[in-house]
Amino acid sequence: MHPMLNIAIRAARSAGKVIMQATEQLDKVETNQKGSNDLVTSIDIAAEEAIIAVIKKSYPDHGFICEESGEQGNAQSGYQWIIDPLDGTTNFIKGIPHFCVSIALKVNGKTEQAVVFDPVRDELFTATRGQGSQFNSYRTRVTKAKDLKGTVIGTGFPFKVKHYKETYLSIFSDMYDDVADMRRAGSAALDLAYVAAGRLDGFFEIGLKPWDTAAGELLVKEAGGIVTDFTGGHGYVSSGNIVVGNPKVVKAILAKMRPHLTPALSR
Ligand code: IPD
Ligand code: CA
Ligand code: CA
């Protein structure tokens, strides 16, 4: 295993410990509002601190892009860790046991290492660029679906950007006709990991952030999947409008989206 992946796993497990301890006394967790339906808790912050401490111990000169503390460290080093310390904060606050820690490492702008860790189920999803995607150390592949028939597609509702409601629901409605079922589980990083592990056939969401997707994107690609924006392009890197799955599933999802796309969703 690559030494930097090893450190990423150690960091994710230490954040997982912080999070799981907190689930035993949820009433003691402090919650603040960052934006519309966008919450941060004392545990998001403590978990992020735990991750940074582990990584800094081994790599004191690296840079960081963290959901809660922003950019820090040495961005010029060529090494940048992209961290979502607790993806699925709404689930966590409500006591719904579905959330994760997401850590990716970019080297000179390319994602090289990825970890998504579910501390509730002790499930570890990892990838190193060029070396495939793993679930608890076993190789994973995206599913072989040829179209939407029989598929289960994950999604996220645009709950932080509710002005997309109408467009989102028309896309959902068209897609719903062809799939077997849809899932909205509440953690985008885990959704991406589930696509990489073949548990979901595909996934789409509007307006995700780099820390939601950085690790999951490498997991999906290393599992043989593709990642696009809603027009099949690369705009998702800045827009966060993301579609993933095997190439045939992504093609089928994009076809369902096409009639509904507004300019804001076409990038
Ligand atoms: C959120 C979760 C959720 C997705 C949101 C994300 P957070 O991340 O991944 O599933 O629908 O778009 O912002 O705020 O819990 O880290
Ligand atoms: Ca997140
Ligand atoms: Ca988060």
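Predicted model: local features only at pLDDT ≥ 70, side-chain atom pairs only at ≥ 80, totals over all residues.
Let's begin with the rings. A pair of aromatic rings is described by the distance of the centres and the angle of the planes. This structure holds eight such aromatic pairs. Take Tyr 59 and Trp 81 as one of them: their centres are 6.3 Å apart, with 25 degrees between the planes. That pair counts as stacked, because the angle is under 30 degrees. The two partners come from distant parts of the chain, 22 residues apart. Tyr 59 belongs to the loop that runs between helix 2 (42–58) and strand 3 (63–66), while Trp 81 is part of strand 5 (residues 79–87). Are these two residues, Tyr 59 and Trp 81, buried or exposed? Both Tyr 59 and Trp 81 are buried.

Now for ligand 1. It has 15 residues around it, and the closest are Asp 87, Gly 88, Thr 89, Lys 160 and Glu 205. What kinds of residues make up the shell around ligand 1? Seven are charged, four are polar and four are nonpolar.

A backbone N or O atom of Gly 88 is 2.7 Å from a ligand oxygen, and one in the backbone of Ser 187 is 3.2 Å from a ligand oxygen. Arg 184 uses its side chain instead, placing an N or O atom 2.9 Å from an oxygen of ligand 1. On its own, ligand 1 has 380 Å² of accessible area, and the protein covers 93% of that.

Last stop: the backbone. Most residues other than glycine have a negative phi. Asn 37 has a positive one, about 55 degrees. You'll find Asn 37 in the loop between strand 1 (31–35) and strand 2 (38–41), partly exposed at 36% relative accessible area. Asp 122 also has a positive phi, near 55 degrees. Its place is the loop between strand 7 (110–118) and strand 8 (123–128), and Asp 122 counts as partly exposed, at 42% relative accessibility.

Conventions:
Residues numbered from 1 in each chain as written. Chains lettered and ligands numbered in written order. Heavy atoms only, no water. Phe/Tyr/Trp six-rings, centres within 6.5 Å; stacked < 30°, edge-to-face > 60°. Helix = DSSP H or I, 4+ residues; strand = E, 2+ residues; numbered from the N terminus. Buried < 20%, exposed > 50% of the residue type's maximum accessible area, 1.4 Å probe, protein only. Near = heavy atom within 4 Å. Polar contact = N/O pair within 3.5 Å; in protein donor to acceptor, adjacent residues only side chain to side chain. Areas by Shrake-Rupley, 256 points an atom, 1.4 Å probe, with all protein chains shown as cover. Nonpolar A, V, L, I, M, F, W, Y, C, P; charged D, E, K, R; others polar.
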